[in-house]
Amino acid sequence: MHGLRSLMATPIVSREDVLAARETIADRVHRTPTLTSASLERELGVPVYLKAELFQRTGSFKPRGVLNKLAALSAEEKVRGVIGISAGNHAQALAYGAALEGVDALVVMWQGVSEQKLEATKAYGGTVDLEASDPLTAFERLDELIGETGRTLVHGFDDRDVIAGHGTIALELEEDAADATVIVVPAGGGGLVSGIAAAAKGVVVAVEPEGSRALHEGLRAGRPVTVQPHSIADGLSAPFAGVNCIAVCQARGVESVLVSEDEIAAGFRFLYGRAKLACEPAGAVGVGALLAGKVPLNGAKAVAVVVSGGNVATETAAAILAGR
């Protein structure tokens, strides 16, 4: 099984792994801008940086991990092709990265996923399987297809190479926001926050929706726990957090804070209206948590927030901005 029951931790991802990933993907991803926010600085009393990963290729941070993983595949694995499972951002990144590498990609999605993300995945060259009705049955479908096709799984969050690739964001923040002693990171399955935590020198705080708290429950239990994710921040809708992700977060003392749907919407409206960043709800949870006073600053010199993606349906954005 490649779902929850099969997850096994491998050696913990280290800063050295992230430094190696930076060399591997250096010329293949954008060095995204790190912006400042005077409004948030006034609100919080410390400088605030926004790491604009919504400007990354495919509209989210995901190609960092995917490209690092694809570079590690053997020639034989590349011939057999790759497979992944995703509601959207990992799907797009895997389709994009595989096309770049000349590798065939099959992506398991499920009924009801964002039409925009589905179409974008196909446009990048990925084949999409839509047999599953929900995220949990999608993992069962994934196992079936791996058995049938022999493709290599590129896991969206619980893979050491993927985690290390995502951690390259921390190295960029080290240079562009050197005084930031707290980094605030959206969390679903935990691949992004654990990668950043593996490399960062300061405090890393994970932010999750109250209705989609896979990492929060995983950290509390010390192992992956199945949840039924339900949030407007669909990019964070992992049905469990990864073993490797939990291990890194525990080792690095990452805390998870939870935000309500209203707080996510407030972060989203702030980023659109004040920072002019057309993010997706998942990318707004960190700012939502800061505005709600939920991030422990503990005398931080400055704070960096990762705005993780910008793949949002127009009607979703319009509804949130109109307060519906």
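1. Helices (H or I, at least four residues) and strands (E, at least two) are DSSP runs here, numbered from the N terminus. Please keep in mind that this is a predicted model, where local features need pLDDT of at least 70 and side-chain atom pairs count only at pLDDT 80 or more, while totals for chains, interfaces and linings use all residues. Residues are numbered from 1 along each chain as its sequence is written, and side-chain values use heavy atoms, leaving out hydrogens and water.

2. Axes are lines fitted to C-alpha atoms, for helices over the stretch in contact, and angles run from 0 to 180 degrees between N-to-C directions. Contact means heavy atoms within 4.5 Å.

3. Those strands belong to an open sheet of 6 strands with mixed pairing, in the order β1-β2-β10-β7-β8-β9. Because β1 (34–36) and β9 (255–259) each have a single partner strand, they stand at the edges, and one side of each has no neighbour in the sheet. On average, neighbouring strands of this sheet are turned by 25 degrees against each other, direction ignored. Two strands pair if DSSP finds at least two bridges between them.

4. Within this sheet, have a look at β7 (residues 182–186) and β8 (residues 203–209): they run parallel and are joined by 5 bridges. Valine 184 stands opposite valine 205 in β8.

5. There is also an open sheet of 4 strands, ordered β5-β4-β3-β6, with parallel pairing. Its edge strands are β5 (127–132) and β6 (152–153), each pairing on one side only. Strand β4 (residues 105–110) pairs with β5 in the parallel sense over 4 bridges. Valine 108 has aspartate 129 of β5 as its bridge partner, and tryptophan 110 stands opposite alanine 132 in β5.

6. From β4 the chain crosses through helix α6 (residues 115–123) to β5, a right-handed β-α-β crossover. Right-handed means that, with the strands pointing away from the viewer, the path from the first strand over the helix to the second runs clockwise.

7. Which strands does helix α5 touch? Helix α5 (residues 89–101) packs on the sheet against β3 (82–85) and β4, and its direction makes about 170 degrees with that of β4.

8. Helix α5 also packs with helix α3 (residues 63–71), at an angle of about 40 degrees and with the axes 9 Å apart. The two helices are therefore oblique to each other; angles under 35 degrees count as roughly parallel, over 145 as roughly antiparallel, 65 to 115 as roughly perpendicular and the rest as oblique. The contact residues include Leu67 and Leu70 of α3 and Ala93 and Leu94 of α5. They divide into 8 nonpolar, 2 polar and 1 charged, where Ala, Val, Leu, Ile, Met, Phe, Trp, Tyr, Cys and Pro count as nonpolar, Asp, Glu, Lys and Arg as charged, and the others, Gly among them, as polar.

9. Finally, the axes of helix α11 (residues 214–221) and helix α12 (residues 243–251) come within 10 Å and cross at roughly 65 degrees. Leu215, Gly218 and Leu219 of α11 meet Ile246, Cys249 and Gln250 of α12. That contact has 4 nonpolar, 2 polar and no charged residues.
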